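Work through these exercises with the sequence and the 3D view open. Try each task before reading its solution.

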Amino acid sequence: MSREYELSPLALVNYQTMADCIAALLFPHAEAVIHDLGTQKIAYIANNISKRRVGDDSALSDLPQELGPGMKLGPYEKLNWDGQRVRSISAVLMGMHGRPEALMCINVSFHALEQAKAALDFFFQSGRILPQPEALFRDDWQERINTFVHGWLQSHQLSLNTLSRENKKALVEALYAEGGFNGRSTIDYVANVLGMGRATVYKYLKPMR
């Protein structure tokens, strides 16, 4: 073992704790591996997803010749044993005497995220969406109200859950001016959407009728 890279037992315990925390936070998608730079072997693995073992050769032949404080390698991608892509980053860990003694590698599997993305991409394929049936939606006052309300909110840089009493009054008045209360049950619907009572909607509409 090179004394330049000698890893003390206490330091290893500290690094193990760091590795455990990272693996627990990103569980079950990440592992954290501690490489002993002195022995060039794996000293610890938290949440093993790579099927390596403690004591295996670290295969660190591609490391830069000079390792210093704050040095990191990556992020970079590699292929795991199961054919899944893994994104990795490695950090040089310095000992109390200012010399590098270990390398922590964090490996994150993105397989679950890639599956979720593929499912969402398939779900939102525009080619699978057909136009609204004209006969069914010819008098869809709810959709017209929804379209107007969200257009009004966007133009005023507001959202439904942040509307003040004055905002709601102004929105009801604007909706009335656009003929938004011509359909049956429109007052009940608008009151429900805006989170207010029917009586309040009637009060706002009374001066305009």
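**Exercise 1. Charges over rings**

Task: Find which ring lysine 51 lies over, and how far it is from the ring centre.

Solution: This model is predicted. Start at lysine 51. It lies over the face of tryptophan 81. The distance to the ring centre is 4.0 Å.

Now repeat the search for arginine 87. Its charged end sits over the ring of phenylalanine 110. Here the distance to the ring centre is 4.5 Å.

**Exercise 2. A nonpolar patch**

Task: Name the residues that make the nonpolar surface patch of about 370 Å². Then sort each one as buried, partly exposed or exposed.

Solution: The patch is made by Leu120, Phe123 and Phe124. Take them in turn.

- Leucine 120 is in helix 2, residues 111-123. Its relative accessibility is 49%, so it counts as partly exposed. The cut-off for exposed is over 50%.
- Phenylalanine 123 has 55% relative accessibility, so it counts as exposed.
- Phenylalanine 124 has a relative accessible area of 59%, so it is exposed.

**Exercise 3. Aromatic pairs**

Solution: Ring centres must lie within 6.5 Å to pair.

Step one: take phenylalanine 123 and phenylalanine 124. Their ring centres are 5.0 Å apart, and their planes are at 85 degrees. Planes over 60 degrees apart count as edge-to-face. So this pair is edge-to-face.

Step two: take tryptophan 141 and tyrosine 189. Their ring centres are 5.5 Å apart, with planes at 85 degrees, so this pair is edge-to-face. The pair links distant parts of the chain. Tryptophan 141 is in helix 4 and tyrosine 189 is in helix 6, 48 residues apart.

Step three: check burial. Buried means under 20% relative accessible area. Tryptophan 141 has 18%, so it is buried. Tyrosine 189 has 19% relative accessibility, so it counts as buried.

**Exercise 4. Helix 6 and its cover**

Task: List the buried residues of helix 6.

Solution: Helix 6 spans residues 186-194. Its buried residues are Thr186, Ile187, Tyr189, Val190, Ala191 and Leu194.

Next, look at what packs over them.

Now use a helix rule. An α-helix has 3.6 residues a turn, so residues three or four places apart point the same way.

Glycine 195 follows helix 6. Its phi is positive, near 65 degrees.

Note on methods:
Residues numbered from 1 in each chain as written. Predicted model: local features only at pLDDT ≥ 70, side-chain atom pairs only at ≥ 80, totals over all residues. Heavy atoms only, no water. Patch = residues over 30% accessible without salt bridge, like charges linked within 9 Å, V, L, I, M, F, W, Y side chains within 5 Å. Areas by Shrake-Rupley, 256 points an atom, 1.4 Å probe, with all protein chains shown as cover. Salt bridge = Lys/Arg side-chain N within 4 Å of Asp/Glu carboxyl O. Helix = DSSP H or I, 4+ residues; strand = E, 2+ residues; numbered from the N terminus. Buried < 20%, exposed > 50% of the residue type's maximum accessible area, 1.4 Å probe, protein only. Phe/Tyr/Trp six-rings, centres within 6.5 Å; stacked < 30°, edge-to-face > 60°. Lys NZ or Arg CZ within 6 Å of the ring centre and 35° of its normal.
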